[in-house]
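Thanks for coming, everyone. I'll walk you through one structure today. Have a look at it first.

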Amino acid sequence: MPKKPTEKGMGKEDIKLQTPKGMRDLIGEEYYRYQGFFEKASEVAIYYGFQPIETPILESEGLFYHSVGAHTDIIEKELYTLRTKGGDRLALRPEGTAPIMRAYFEHGLQSQPQPVMLYYHGPFFRHDSPQKGRYRELRQFGLEVIGSSKSITDALVIRLVNTILTEAGLPDLTIEINSIGDRDCRPIWKRELVNYYRKHAKEICADCRERLKDNPLRLLDCKNPKCQTLKIAAPSVISYLCTGCKQHFKEVLECLEAMNITYTINNNLVRGLDYYSRTVFEISMAPAEGEADGLPLALAGGGRYDYLSRALGSKKQVPAVGVAIGADRVLAAPGVANLLPRLIKKPKIFFIQLGTEAKMKSLSIIEILRHTKTPIAHSLSKDSLSAQLGIAEKVNIPYAMILGQKEVIDNTVIIRDMRSRAQDVVKLDELANYLKTLKA
Ligand code: HAM
């Protein structure tokens with residue numbers, strides 16, 4: 001039984017003033033950098049016809065078992081689960097695709113014109129061992145195109161993620177792409193893969209022996225040096241693709257070529273989630289010079305998930321494709337642009353109030369400034385002129401607005417240019433017009 005806050009071991013002495021391991025506060029400049037990135041990505045998505053969606057942080061645990069897959073790392077090792085007081089089994093969402101497919105059915109989006117194109121961003125949770133580029137609370141920007149099997153939609157999401165990352169200032173992107181077949185051809189390839197690895201079971205690492213039982217496609221994803229030679233000679237998916245899958249893959253590649261998007265085919269790319277079929281892809285950046293581990297971290301990953309709808313209980317198959325970008329990795333990448341959000345405005349005026357009446361009137365004056373869209377800073381808790389002017393000097397704001405007792409009676413304010421020290425007395429009913437004349 002978990003201890004209650006009143007029980008021994010959960011007293012105040014146990015409060016740790018720090019975020020849980022692998023999670024972070026976003027504050028100041030860093031907050032703005034995330035907000036700026038999400039705004040830029042959303043803007044690109046909106047211009048391509050995507051609509052926003054936000055789903056809850058908590059979902060039923062079963063949703064992820066039946067979509068991401070019970071034998072994937074995300075579910076087996078990394079899922080945060082909880083039981084509510086009412087007995088519901090919920091999970092902190094480890095990814096966004098399954099919740100969005102759930103929302104698609106819950107809100108009857110199949111009756112809208114197809115495909116339904118949605119974008120989203122927010123925090124996701126995976127109980128991984130925290131290290132550089134791997135957090136327990138990660139932030140993603142995602143795109144999902146639901147209701148089309150056409151290869152142009154695969155190319156559309158790849159194009160968009162490429163555009164978003166390029167606009168975020170990231171050069172030298174590598175797009176790796178593969179097709180993992182469909183329910184007709186994949187089982188044949190899978191069987192051959194299992195036969196091959198069974199023959200070499202003694203030569204593979206312990207993790208791969210587990211994968212051989214539970215999730216054989218992930219054998220191709222193993223990074224252990226011991227397993228690399230075997231991988232080279234493993235049955236390649238490309239030889240097993242059926243005519244339909246081959247044609248689909250060919251069309252996706254042709255679309256990319258027509259858009260001058262450079263890609264590399266990687267027949268070992270299988271991705272760590274079970275819901276994929278046909279196209280899978282990952283986008284990464286070459287590691288910075290001197291970085292110890294030579295494997296570039298994926299900035300984004302995605303693919304087609306034509307069977308997810310069925311896995312979630314729908315009678316009808318709804319083909320779909322999507323991608324998610326790891327915002328934490330993008331914003332930590334060398335050379336990433338500082339995309340500032342639209343809402344952030346540097347304060348233009350430092351508002352100084354003197355005396356009880358002025359303090360009482362100050363919030364109404366701030367409201368006038370808000371209506372004129374003049375961003376301000378202030379220190380309403382300070383009383384003396386010198387303390388407030390001191391802060392105004394320190395934070396380097398070009399103008400101070402002073403409201404003293406006399407100004408309260410006269411319905412005026414003093415505007416002081418902090419550089420030249422020149423001052424104007426301005427009537428409150430003329431303040432809005434006067435503010436327009438101030439230079440930033
Ligand atoms: P994913 O590959 O698991 O795909 O995650 C997408 C991206 O999220 C990764 O490429 C990486 O940049 C970032 N990411 C993943 N785990 C972490 C972590 N522990 N810490 C920091 N960043 C991380 C999905 O989530 C799929 N839902 C993508 C998708 C959308 N497929 C179809 N539609």
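**Salt bridges, rings and the ligand**

Start with Lys77, which forms a salt bridge with Asp73, the closest N and O atoms being 3.4 Å apart. Keep in mind that this is a predicted model.

How accessible are the two partners? Lys77 has 54% relative accessibility. Exposed means over 50%, so Lys77 counts as exposed. Asp73, with a relative accessible area of 33%, is partly exposed.

Now the next bridge. Glu393 and Arg421 meet through their side chains in a salt bridge, at 3.1 Å from N to O. This pair links distant parts of the chain. Glu393 sits in helix H13, residues 385-394. Arg421 sits in the loop between strand E15 (412-417) and strand E16 (423-427). The two are 28 residues apart. Both count as partly exposed: Glu393 is at 40% relative accessibility, and Arg421 is at 44%.

How many salt bridges are there by this rule? The count comes to 23.

One of them joins Glu43 and Arg342, with the closest N and O atoms 2.7 Å apart. Why does this pair tie together parts that are 299 residues apart in sequence? Because Glu43 lies in helix H1 (residues 29-47), while Arg342 lies in the loop between helix H11 (327-332) and strand E12 (349-353). Glu43 is partly exposed, with a relative accessible area of 25%. Arg342, at 57% relative accessibility, counts as exposed.

On to the rings. A search of the whole structure turns up ten aromatic pairs. Take Phe37 and Phe38. Their ring centres are 5.8 Å apart and their planes are at 50°, so this pair is tilted. Are these two residues buried or exposed? Phe37 is buried, and Phe38 is buried too.

Tyr196 and Tyr197 form another aromatic pair. Here the geometry is edge-to-face, with 5.1 Å centre to centre and 90° between the planes. Both tyrosines, Tyr196 and Tyr197, are buried.

Back to the phenylalanines for a moment. Ring pairs link Phe37 and Phe38 with Tyr34 into a cluster.

Two arginines also sit over rings. Arg24 lies over the face of Tyr135, 4.5 Å from the ring centre. Arg93 lies over the face of Phe124, 4.2 Å from the ring centre.

A backbone N or O atom of Tyr135 lies 2.8 Å from a nitrogen atom of the ligand. Gly133 also has a backbone N or O atom by a ligand nitrogen, at 3.4 Å. For Ala300, a backbone N or O atom lies 3.4 Å from an oxygen atom of the ligand.

How much of the ligand does the protein cover? On its own, the ligand has 670 Å² of accessible area, and the protein covers 96% of that.

Which elements give two or more residues to the shell around the ligand? They are strand E6 (137-146), strand E10 (298-304) and strand E11 (320-326). E10 gives the most, with six residues. In total, 25 residues are around the ligand. Those that come nearest are Glu95, Glu144, Arg271, Tyr276 and Ala298.

Stay by E10. Asp306 is found in the loop between E10 and helix H10 (308-311). Its relative accessible area is 6%, so Asp306 is buried. What does its side chain touch? A polar contact of 2.8 Å joins it to the side chain of Arg304. The Asp306 side chain also reaches the backbone nitrogen of Ala320, at 3.2 Å.

Is Ala392 buried or exposed? Ala392 is buried, with a relative accessible area of 1%. Ala392 and His378 are 14 residues apart in sequence. In space, their C-alpha atoms are 8.2 Å apart.

That's the tour. Over to you for discussion.

Notes. Residues numbered from 1 in each chain as written. Predicted model: local features only at pLDDT ≥ 70, side-chain atom pairs only at ≥ 80, totals over all residues. Heavy atoms only, no water. Phe/Tyr/Trp six-rings, centres within 6.5 Å; stacked < 30°, edge-to-face > 60°. Buried < 20%, exposed > 50% of the residue type's maximum accessible area, 1.4 Å probe, protein only. Lys NZ or Arg CZ within 6 Å of the ring centre and 35° of its normal. Salt bridge = Lys/Arg side-chain N within 4 Å of Asp/Glu carboxyl O. Helix = DSSP H or I, 4+ residues; strand = E, 2+ residues; numbered from the N terminus. Near = heavy atom within 4 Å. Polar contact = N/O pair within 3.5 Å; in protein donor to acceptor, adjacent residues only side chain to side chain. Areas by Shrake-Rupley, 256 points an atom, 1.4 Å probe, with all protein chains shown as cover.
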